[in-house]
Amino acid sequence: MASVFFCISAIFLLFVLIHEVVLLEGSEDAAFSESYNISWGAGHVQSFFAGREIHLLMDKMSGSGFQSKLDYSSGLFHMDIKVPSRNSAGIVTAFYLKSSQLNGHDELDFEFLGNLDGKPIHLQTNIFVNGHGNREEKIRLWFLVDEIPIRVFMNKGVAFPSKAMQVMGSLWNGEDWATNGGKDKINWMYAPFTASFRTFSIDGCPAFQGGPQCYSSKYWWNGGGYARLSLKQILAYRTIRKRLLVYDYCTDRRRYPVPPPECSQTV
């Protein structure tokens with residue numbers, strides 16, 4: 001991966017399953033307007049290739065974001081994402097699922113944390129359950145290969161995200177925390193910053209069909225190879241964590257002298 005221009009060419013998937021949440025990567029295509037709307041910063045969004053690619057822009061005035069038209073109770077959601085080039089310290093490019101509750105929401109996050117030229121982009125994942133997050137893990141990005149899991153959160157005796165959620169993307173100012181603990185600020189001479197998104201198809205069960213129906217085995221993402229990791233994926237997952245994991249809330253004893261209960265889970 002080039003040190004100046006970071007292109008996330010693989011597709012990052014969020015699997016919301018009955019048994020576990022798996023964050024990984026894969027592939028596909030569709031027009032933005034079929035399933036998504038602009039949610040904020042409409043003046044900072046550009047559309048290309050008949051709506052099959054959109055650019056979110058950010059300057060001192062505003063960032064921008066989008067969300068799916070429907071809430072989903074289960075499914076497979078994915079996106080091609082190209083993060084801002086050049087000096088992107090303090091810039092956060094996000095792809096996430098979020099439920100609509102103002103209090104007690106569920107959320108699954110991918111956050112690409114910008115950096116100074118020549119330094120690596122970090123990918124931070126986080127999981128909120130009933131409004132409680134602080135489950136951050138951070139990895140250093142590399143040349144991505146399809147089907148490599150980067151985060152697993154098991155539904156085994158702990159609070160687990162289960163609410164219907166919308167699929168969202170955004171580009172926003174995170175300079176207070178995103179890069180070097182907030183020490184490296186946004187250099188506005190490089191504005192406007194641009195993040196590109198493609199592949200807008202959604203394979204999901206809309207929440208209006210009812211939760212129990214959305215967990216049915218008639219939906220291909222609820223069973224077979226998507227219900228658990230293969231041995232090959234387990235080995236790849238362990239390798240990535242050993243080589244590229246730079247932060248794990250489960251091992252942060254200053255924040256958690258006693259690790260949260262889900263930290264005892266192993267893959």
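1. Let us start with one glycine. Gly 51 touches Ala 31, Phe 32 and Phe 200, leaving aside residues up to four places away in sequence; contact here means heavy atoms within 4.5 Å. Gly 51 sits in the loop between strand E4 (45-48) and E5. Helices (H or I, at least four residues) and strands (E, at least two) are DSSP runs, numbered from the N terminus.

2. A word on what you are looking at. This is a predicted model, in which local features need pLDDT of at least 70 and side-chain atom pairs count only at pLDDT 80 or more, while totals for chains, interfaces and linings use all residues. Residues are numbered from 1 along each chain as its sequence is written, and side-chain values use heavy atoms, with hydrogens and water left out.

3. Is Gly 51 buried or exposed? Gly 51 counts as buried because its relative accessibility is 12%; buried means under 20% relative accessible area, exposed over 50%, and partly exposed in between (1.4 Å probe, protein chains only).

4. Now for the largest nonpolar core, which has 44 residues. A nonpolar core is a set of buried Ala, Val, Leu, Ile, Met, Phe, Trp, Tyr and Cys residues joined through side-chain atoms within 4.5 Å. Tyr 36, Phe 66, Met 79, Phe 112, Val 167 and Phe 197 have the most contacts inside this core. Among the elements that give two or more residues to it are strand E5 (53-58), strand E7 (72-82), strand E13 (166-173) and helix H3 (231-244). The largest share, four residues, comes from E7.

5. Not counting residues up to four places away in sequence, Tyr 36 touches Phe 66, Gln 67, Ser 68, Lys 69, Met 79, Val 167, Phe 200 and Ile 202. There is also a second, separate core of five residues, including Met 154, Leu 229, Ile 234 and Tyr 237.

6. How many cavities of 30 Å³ or more are there? The count comes to two. On a 1 Å grid over the protein atoms alone, a cavity is a set of points where a 1.4 Å probe fits but cannot get out, and lining residues have an atom within 4 Å of a point. Grid points are joined across faces, edges and corners, and a volume is the space filled by probe spheres set on the points.

7. The second largest cavity has a volume of about 40 Å³. Its lining consists of Leu 123, Thr 125, Glu 137, Lys 138, Ile 139, Ile 150 and Arg 151. Strand E11 (137-140) and E10 each supply at least two lining residues, and E11 gives the largest share, three residues.

8. Finally, the disulfides, of which there are two; a disulfide is a pair of cysteine sulfur atoms within 2.5 Å. Cys 205 and Cys 214 form one, with sulfur atoms 2.0 Å apart, and both cysteines are buried. This link is left-handed, with -70° about the S-S bond.

9. Cys 250 and Cys 263 form a disulfide too, their sulfur atoms being 2.0 Å apart. Both cysteines lie in the segment after strand E16 (245-248), so the pair ties together parts that are 13 residues apart in sequence. Counting bonded cysteines along the chain, the disulfides follow the pattern 1-2, 3-4.

Note on methods: 1 Å grid on protein atoms, 1.4 Å probe; cavity = no way out; pocket = protein on both sides within 12 Å on 5 of 7 lines; lining within 4 Å.
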